[in-house]
Amino acid sequence: MNTGDATYIKKMNRLILIEELIQHMTLSRSELSRKTGLNKATVSAQVQELLDDDLFIEKVAGETTSRGRKPIILEINGQAGYSVGIDIDEKKFFFIFSDLKGRVLHRDEKPLENTQLSLVSSEIIEILQPLIQKYNDLYSPHCLVGIGIGVHGIVNRKNEIVYTPKEKWTKENIAQYFEEAFNVDTHVDNNANLSVFAEQVYSEYISDLFCVTLYTGIGLGIIKNHEIYRGFQGFAGEIGHMIIETNGAQCTCGNLGCWELYASDKALKKKLASVYPLYSDHERLQKMFDHGGENQYMDEYLHYLAVGLNNIINIFNPEKLILNSPFLNAHPELITKVEGKLQSKFNNYKEIRVSILGNKACAIGASALALKKFLGVSTLIHANYHYHI
């Protein structure tokens with residue numbers, strides 16, 4: 001075996017041990033050996049390196065039924081560093097700090113005064129700088145290990161923004177601003193992709209998962225064989241621009257009758273504002289629940305939602321489909337009504353449910369992506385930690 005082969009095998013063994021410990025939270029050296037199939041000498045040597053790198057820590061196990069010395073268990077060292085996830089939306093951004101065990105340390109939402117990308121980046125960097133300085137002092141020696149950024153638009157495989165329909169950003173590299181400011185790797189992706197990744201990491205670790213985000217627009221995040229599916233150049237998932245009314249309303253994309261003009265949260269609020277102009281958004285939504293929810297506007301919204309879901313289900317045959325919508329997250333009982341409108345005999349899926357992460361999903365996914373890239377692992381599973389996010 002040449003040196004290159006030995007180095008590669010050593011690196012792969014290291015990643016296997018990290019993945020296993022993340023998934024199971026605590027394991028002894030002998031358990032790591034048994035679960036990974038690596039011999040005890042290999043595990044012992046790799047674990048020592050990971051301890052020296054401050055990525056693993058040792059603890060004495062709790063109560064044991066056997067006599068003698070209590071076993072030493074290993075954990076990921078959450079205190080060794082942290083990542084930052086940012087969700088940039090129209091006129092605001094949401095951000096999250098997470099430690100190396102995926103526990104959320106800090107989260108907040110701030111308004112944005114500008115729309116030009118360089119100015120938006122400067123605004124965000126100015127807000128993050130004192131927080132990053134604070135957490136660098138608390139989480140060391142690795143400190144800030146990476147930044148993830150979610151944008152509501154198309155991102156290509158080169159980490160570049162291709163186009164955002166709201167801000168009109170075209171062919172932009174937002175990562176450079178953050179890499180220069182904080183000297184860490186910065187990863188950029190579409191908000192729907194990061195949302196489905198967050199759902200997989202924190203709640204639903206299955207190989208094929210779909211998440212529809214229904215906020216100001218509609219996006220589809222797809223995980224296929226544990227990987228985010230991006231299509232040819234990163235354009236996959238622009239499901240909000242699927243045409244469901246051939247002679248429908250004009251969309252900014254250039255087509256008529258796009259799905260997000262009828263089934264997004266923004267579209268629902270716009271419709272209710274025209275019907276109940278004297279009420280607040282909250283009161284308008286409540287009006288739809290008058291008479292036990294038998295309301296023509298409710299029925300119309302759920303009808304258009306079901307039309308789009310029907311197409312997704314027939315095309316992809318998903319095992320589980322998560323709907324992340326402010327309205328539906330607040331009223332999960334409506335999923336039954338939506339399913340009642342899926343009449344096709346070809347509809348085949350295991351479950352449709354609302355998101356447990358809500359509007360935090362994109363930022364959480366961005367933070368998790370930065371952590372995954374730092375660790376170099378192929379899988380990241382935090383669902384067993386049962387964090388309250």
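Reader: Is R284 buried or exposed, and what makes it so?

Author: The relative accessible area of R284 is 12%. Buried means under 20% relative accessible area, exposed means over 50%, and partly exposed lies in between, with a 1.4 Å probe and protein chains only. R284 is therefore called buried. The model is a predicted one, in which local features need pLDDT of at least 70 and side-chain atom pairs count only at pLDDT 80 or more, while totals for chains, interfaces and linings use all residues. Residues are numbered from 1 along each chain as its sequence is written, and side-chain values use heavy atoms, with hydrogens and water left out.

Reader: What makes the contact between D281 and R284 a salt bridge?

Author: A salt bridge requires a side-chain nitrogen of Lys or Arg within 4 Å of a carboxyl oxygen of Asp or Glu. The side chains of D281 and R284 meet at 3.0 Å, N to O, and the pair is a salt bridge. Both residues belong to helix α9 (residues 281-287), where they are three residues apart, or about one helical turn. Helices (H or I, at least four residues) and strands (E, at least two) are DSSP runs, numbered from the N terminus. D281 has a relative accessible area of 38% and is therefore partly exposed.

Reader: How many salt bridges are found in the whole structure?

Author: The search finds 19. One of them joins the side chains of D265 and K269, at 3.4 Å from N to O. These two residues are four apart in helix α8 (residues 265-275), which means a separation of about one helical turn. D265, at 7% relative accessible area, is buried, and K269, at 33%, is partly exposed.

Reader: Which parts does the salt bridge between E49 and K10 tie together?

Author: The side chains of E49 and K10 meet at 2.8 Å, N to O. E49 lies in helix α3 (residues 40-52) and K10 in helix α1 (residues 3-24), so the pair ties together parts that are 39 residues apart in sequence. E49 has a relative accessibility of 31% and counts as partly exposed; K10, at 42%, is partly exposed as well.

Reader: What makes β13 and β15 edge strands?

Author: Two strands pair if DSSP finds at least two bridges between them. Five strands form an open sheet in the order β13-β12-β11-β14-β15, with mixed pairing. β13 (227-228) and β15 are the edge strands, as each pairs on one side only. Helix α6 (residues 191-202) packs on this sheet and touches β11, β12, β13, β14 (320-324) and β15. Contact here means heavy atoms within 4.5 Å.

Reader: In what sense do β11 and β12 pair?

Author: Strand β11 (residues 209-214) and strand β12 (residues 218-224) pair in the antiparallel sense over six bridges. The bridge partner of T213 is G219, in β12.

Reader: Where does R353 lie, and why is it called buried?

Author: R353 lies in strand β15 (residues 351-354). Its relative accessible area is 14%, so R353 is buried.

Reader: Which side chains make polar contacts with that of R353?

Author: A polar contact is a pair of N or O atoms within 3.5 Å; within protein, one must be able to donate a hydrogen and the other to accept it, and residues adjacent in sequence count only if both atoms are side-chain atoms. The side chain of R353 makes a polar contact with that of S203 at 3.2 Å, and another with that of E204 at 3.2 Å. R353 is also linked with E199, E204, K320 and E351 in a network of salt bridges.

Terms used: Axes fitted to C-alpha atoms, helices over the stretch in contact; angles between N-to-C directions.
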